[in-house]
Structures are given as structure tokens and as C-alpha cells.
Amino acid sequence: MMNFALTDTQKEIQLRAREFAQKEVAPGVLERDRSEVFPMDLLKKLGDAGLIGVQFDPKYGGKGLDYLSFILIVEELCKVDSAFGIAYAISSTFTTGVDTFGSEEQKLHCMPRLFQGDAIGCFALTEPDAGSDAGSAKATALRDGDEFVINGTKHFITNGAVSDYCMLVANTDPSKGAKGLSAFLVDLKTTPGVTIAHVENKCGINCAKVTELVFENCRVPADRLIGQEGKGFRYALTALNAGRLGVAAQGLALAQAAFDITRDYMMNRHQFGKPICANQYPAFKMADLEVEIEMARLLLYKGVWLQQQGEDFSIAASKAKLACTNLAMHVTTECVQNMGGAGYMREQHVERMFRDAKITQIYEGTNEIQRMSIGGALVGKLKK
């Protein structure tokens, strides 16, 4: 049975993350949105605060806590700066892939540095012609003795421009399509043949560096193959399931933060002789938004609970991702409107949250793909 109360440990992690976000992340958020510079110094401070890798084994530098503790950190960071928060979450998606399927040597190679805040990771699956249809990826990794030679282009890679490590999915047997895909641990900054071809100019999440990566005759040792050849697509989907919970947490955080700012504004802004929130129409609108936020939070936490129980949580993750990211777009749009002209100004933050919210409906599997997964599972149940 689900227990809706946070444990003392979870409350302590949540508070530490909230205090870190307010003290360290909040002061520079507007400038980072303008400059589009990723704050590596904040990542180091986050590691020093013991807030990276909390859900992983202490033998690698983690804290051995549960996945909800990680989700609570994502929420608190994304309430203040969702660009920084999602960079943190995507690095964890990379780590999940290595931790679940990688060798002991691979884990020791990267995880301690990641958890100390000295490095960051990315997840490279998408290609220019392989987005939602990720199984059609064309990048190749062909065996040559004790090495694999990688050629191809990866597209829209969050953290790509700043990452030290990458979980790369490429085809070791092009004749097999998705069944020929394999996963590799690549050191992006030290491996010859890796080029940052283009850093994207985006609508939102501006300080998160989203990049095109080109691999040209890039040689990696055979022992950097993650797990088994031909299993890379399955490994990628497993990591993405966990990643979707992280994006759902980002969406929930954006909705909650925009709601909180707007509520305070409507309580203090007077029109027609009384606070805006004292008028029935805007009060009803805010009441509806609060209910929707609570509904989405329960859906997200249920998905996290299933993950922690070791059960299949893939459809729950799709539901949470769909609900929380649609919520983010809906709530931030309403909040900009409810604040009027003030909501459109950058100093109020909801304008930035509105821009950041849109991408949550797209990356880590578009919401159309989430509907396909949920619908497919529903049809499967109906056939039984």
C-alpha cells in the first residue's frame, strides 16, 4: 500500500535541496537565461552538498537512498531553474544506464566523479532522422580488433556541449535495425573524433546546452561496450523510463513554481478595491489549477513508488510524463495570463517558466509517443 507521507530522510533531502536552490541557484537564474552559460560551478557545489547520485550505491560515491529522494531534488532545482535542474536529471539518466547495465570498471570509471560534481553526463540516442523512431538510428559502431569505430551524428543531445561522459547508442550490426543497436560509454572530452558540431539556439531551458555531436572514426576500446551487443535499444528504453519520471518532475516543478508566484501576486495586487484573488472568477481558475497540480503529483509519485518496488513502471512513467508536462504548459500559460502585463515580464519568472515548459512535452519521448505507449498497453489489456 502506498504511504503518502515523506520519510524523515526524504524531508531532510527535500529541505536541503530547497535551501540549495534558493541560496545558490536562484541569484543567477535570470542572467543564465540571458547568457545561456551552463553553471559548472553550481554543479560542483551541488556535489559538495551531497545532492548528486543520492539514489545510487555508496560504493560508487552515491548515498544509497531511494528514487523519490532524487525526484524531490529535481523538483526543488526545477522550481528555481528548470534548465539547470534538467541538466542534473539528464546526467542521472546517463548514470542509470551505466549503473544498470555497465561493468564494474565502467561504473568506477565515471560515477565517483559525477557524484562529486566534477563531471556531467549525457545520453545520445536521437539522430537527425531518428527522433520518435529512435530504433532507426543509423550511427554505426563497427568492431575492429579490440576497438569499435564509431561514425554518425547525434542530435538534440542535452548536456552534449559540456559533458565528460556519454551513453551512446549506435549500430553494431546495421543489417538488424533496432536489434543491432548497442550502447557504449564514451569519454567525450578525451576521445579523438568527437566534435561538437552545433549548439542549439532554443526557445527555453537556455543555460542547458543542447548539442549536435558528430563522431568521425571515433575509436573506443571494446571494454566500453555497455552490456551485450544488440541490446542497446532495450538498455536505452530502460534508462528513458527512469528519465521520463525526471522530466515529469521538471514539469510538476514548473507548474508549482509558476502557481506559487502567481498566487502571491494575486493576493497582493489590488484592483477594484480588493485583491485580484478575492474575485470569484480568478479564484476559481486558481482553485482548478491547484487541483490539477495535486492530481499530477500523485500520478508522478505512484510511478516512482512502482519503480522503487521493482515493478514494471514503464506505463506509469509515460502517464506521469504526459500528465505533468501537459500540466506545466497549461499552468504556466494560465499564470502569465492571470498576472497580466507583469506575467509577461522576465523579472517575474513565469515568462521564463512558460518558455521552459514547452520542451517538456517534446523531449524524453514526445507526449504523442507517451499516448501510443499508454494506448498500446490499454489495447493489450482489452485483448486479455
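**View 1. Helix α2 gives three residues, the largest share, to the lining of the second largest cavity.** The model is predicted: local features need pLDDT of at least 70 and side-chain atom pairs count only at pLDDT 80 or more, whereas totals for chains, interfaces and linings use all residues. Residues are numbered from 1 along each chain as its sequence is written, and side-chain values use heavy atoms, with hydrogens and water left out. A cavity is a set of points, on a 1 Å grid over the protein atoms alone, where a 1.4 Å probe fits but cannot get out; its lining residues have an atom within 4 Å of a point. Helices are DSSP runs of H or I with at least four residues, numbered from the N terminus. Two or more lining residues come from each of α2 (29-35) and α10 (350-360). By class, this lining has five charged, four nonpolar and one polar residue; Ala, Val, Leu, Ile, Met, Phe, Trp, Tyr, Cys and Pro count as nonpolar, Asp, Glu, Lys and Arg as charged, and the others, Gly among them, as polar.

**View 2. The largest cavity has a volume of about 120 Å³.** Of the 14 residues that line the largest cavity, Ile52, Gly53, Tyr88, Ser91 and Ser92 are the closest to its centre. Helices α5 (82-101) and α6 (104-116) are the elements that give two or more residues to this lining. The largest share, four residues, belongs to α5. The lining of the largest cavity holds nine nonpolar and five polar residues, and no charged ones. Over the whole structure, the search finds three cavities of 30 Å³ or more.

**View 3. Arg346 and Glu351 form a salt bridge, with N and O 3.8 Å apart.** Through shared partners, salt bridges join Asp33, Arg346, Glu351 and Arg355 into one network. A salt bridge is a side-chain nitrogen of Lys or Arg within 4 Å of a carboxyl oxygen of Asp or Glu; the structure holds 24 of them. Arg346 is partly exposed at 37% relative accessibility, whereas Glu351 is buried at 10%. Buried means under 20% relative accessible area, exposed over 50%, and partly exposed in between (1.4 Å probe, protein chains only).

**View 4. In helix α4 (residues 67-80), Lys79 and Glu76 lie three residues apart, about one helical turn.** Their side chains form a salt bridge whose closest N and O atoms are 3.2 Å apart. Glu76 is buried, with a relative accessible area of 3%. Helix α4 is mostly covered, 13 of its 14 residues being buried.

**View 5. Arg16 and Glu12 meet in a salt bridge with an N to O distance of 3.4 Å.** The two residues are four apart in helix α1 (residues 8-25), and so about one helical turn separates them. An α-helix has 3.6 residues a turn, so residues three or four places apart point the same way. Arg16 is partly exposed, with a relative accessible area of 28%. Glu12 is also partly exposed, with a value of 38%.

Note on methods:
1 Å grid on protein atoms, 1.4 Å probe; cavity = no way out; pocket = protein on both sides within 12 Å on 5 of 7 lines; lining within 4 Å. Points joined across faces, edges and corners; volume = space filled by probe spheres on them.
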